[in-house]
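This report describes the fold and the charged side chains of the complex shown here. It begins with the overall organisation and then turns to individual residues.

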Amino acid sequence: MNKAVNQKAWFLILPVLLLVAFSAVIPLMTVVNYSVQDTFGSNKFFWVGLEWFEEMLASERMWNALGRQITFSAIILAIEIPLGIFVALNMPKKGFWASLCLVLMSLPLLIPWNVVGTIWQIFGRVDIGLLGYTLSALGIDYNYTQDFYAAWITVIVMDVWHWTSLVALLAYAGLQSIPDAYYQAAKIDQASRLSVFRFIELPKIMGVLMIAILLRFMDSFMIYTEPFVVTGGGPGNSTTFLSIDLVKMALGQFDLGPAAAFSIMYYLVILLVSYVFYTVMTNLDKRDGH
Amino acid sequence: MDWMAWTGPTAVFFGIIAATLITFTVLAIKFPETPRTGVLGIETTRGDRLFITLLGSAFINLAWLGMLSAPQWGALIICLFYAIAVFRWV
């Protein structure tokens, strides 16, 4: 029989709640307040009701930015998750090489976002960058500042370079925790490499993999710095992702109302997806009997 | 608090949410419950069902606003039925 849930423990997290109130809740409330008003600066606001929400829901600019954002997140998840698992499966299990691999894999994760952007911005330049120069020497027309596909490929490859190791490290940790007995049993049953992966490794790393997917989704869905540094959202606005467009709208054009209305919808989408992931994750855990 | 640009309606909105949260906290302390599994196949407590209700209601309101030109209180009526359904079956 299930034990009744004791909700009193929530009081123990009051200090954290206070911190979050100042760093997240109060700013979020302010955003909600902005979203129903218009301002022309000097802290004077005029009530407009749900007008901004209506305008944003009908705004092609925002739907396009959302479309680009979803496309970006879907592409990088589709690359980083399988690639991360593949790398983790092929990493040495113990000894010197395992440690070396771990250190090398962690390196990209230690680099700040804007530095990653700058590295790739220079790396991809046709005149001085190793990648851009090599590609153009090979006769490939590559110019991420002018070509739509080149810009997208650069931003995606950059993200894959930066974050695949996170997925790989998490998957590796999951793989390391599988007891040897499972593999021995598989050997006795003469299971193929594929069935070992499908029936032993994949189910066992599902928990950490879910965390990896959730982290990568949230991070990529709010990506700002790297594409901003590399392409500045261009060419045109082909790599103007949601947060870039929102910052442009809120701070560049000082349209606080519409930007607030859209960021609330942005927030709701993230909340929904995160909740679904969280629910799936905890249910997987329960099924596994943790 | 000037910088937060408060308005009457948003204050009422947050007030209602805060009151709901406090009510559910008190309920959870006074009447502890065991989670149950509903139509979604997930274990939920009253708090989970409240969260699903609030998040779903936000999307119902947005969909209503984006797709219909009818007055917004219509969406609130749908939300009410949605809330009843969530608390009954989820």
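Among contacts in chain A between residues at least 6 apart in sequence, those joining residues at least 24 apart account for 67%, where contact means heavy atoms within 4.5 Å. The model is predicted: local features need pLDDT of at least 70, side-chain atom pairs count only at pLDDT 80 or more, and totals for chains, interfaces and linings use all residues. Residues are numbered from 1 along each chain as its sequence is written, chains are lettered from A and ligands numbered from 1 in the order in which they are written, and side-chain values use heavy atoms, with hydrogens and water left out.

**Overall organisation**

The predictor assigns the complex an ipTM of 0.90 and a pTM of 0.83. For chain B, the mean pLDDT (the predictor's confidence in each residue, from 0 to 100) is 89, and 100% of the residues reach 70 or more. Chain B comprises domain 1 (1-32) and domain 2 (36-90), with bounds from an automatic or database domain assignment. The centres of these two domains of chain B, taken over C-alpha atoms, are 18 Å apart.

Chain A contains 12 helices and two strands, in the order α-β-β-α-α-α-α-α-α-α-α-α-α-α along the sequence. Helices (H or I, at least four residues) and strands (E, at least two) are DSSP runs, numbered from the N terminus. Along the principal axes, the C-alpha atoms of chain A fill a box of roughly 75 × 70 × 30 Å. Of the 290 residues in chain A, 40% are buried; buried means under 20% relative accessible area, exposed over 50%, and partly exposed in between (1.4 Å probe, protein chains only).

**Salt bridges**

Over all chains, the structure holds eight salt bridges, each defined as a side-chain nitrogen of Lys or Arg within 4 Å of a carboxyl oxygen of Asp or Glu. The table includes three of them.

| Pair | N to O distance |
|---|---|
| A:R61 and A:D245 | 2.9 Å |
| A:R193 and A:E201 | 3.3 Å |
| A:R216 and A:D219 | 3.5 Å |

The side chains of A:R61 and A:D245 meet in a salt bridge. Since A:R61 belongs to helix α3 (residues 60-90) of chain A and A:D245 to helix α11 (residues 242-252) of chain A, the pair ties together parts that are 184 residues apart in sequence. A:R61 is partly exposed at 30% relative accessible area, whereas A:D245 is buried at 4%. A:E201, the partner of A:R193, is buried with a relative accessible area of 4%.

A:R216 and A:D219 are three residues apart in helix α9 (residues 193-221) of chain A, so about one helical turn separates them. A:R216 is buried at 1% relative accessible area, while A:D219 is partly exposed at 23%. Salt bridges with shared partners link A:E80, A:D159, A:R216 and A:D219 in one network.

**A buried glutamate and a partly exposed leucine**

A:E226, in helix α10 (residues 225-230) of chain A, is buried yet has no salt bridge; A:R216, the nearest side chain of opposite charge, is 6.6 Å away. Beyond its neighbours within four places in sequence, A:E226 is in contact with residues including A:W113, A:M158 and A:W163.

A:L170 lies in helix α7 (residues 148-176) of chain A and is partly exposed at 23% relative accessibility. Its C-alpha atom is 7.0 Å from that of A:L209, a residue 39 positions away along the chain. Neighbours within four places in sequence aside, A:L170 is in contact with A:V208, A:A212 and A:L215.

Definitions and conventions:
Lys, Arg positive; Asp, Glu negative; His and termini not counted.
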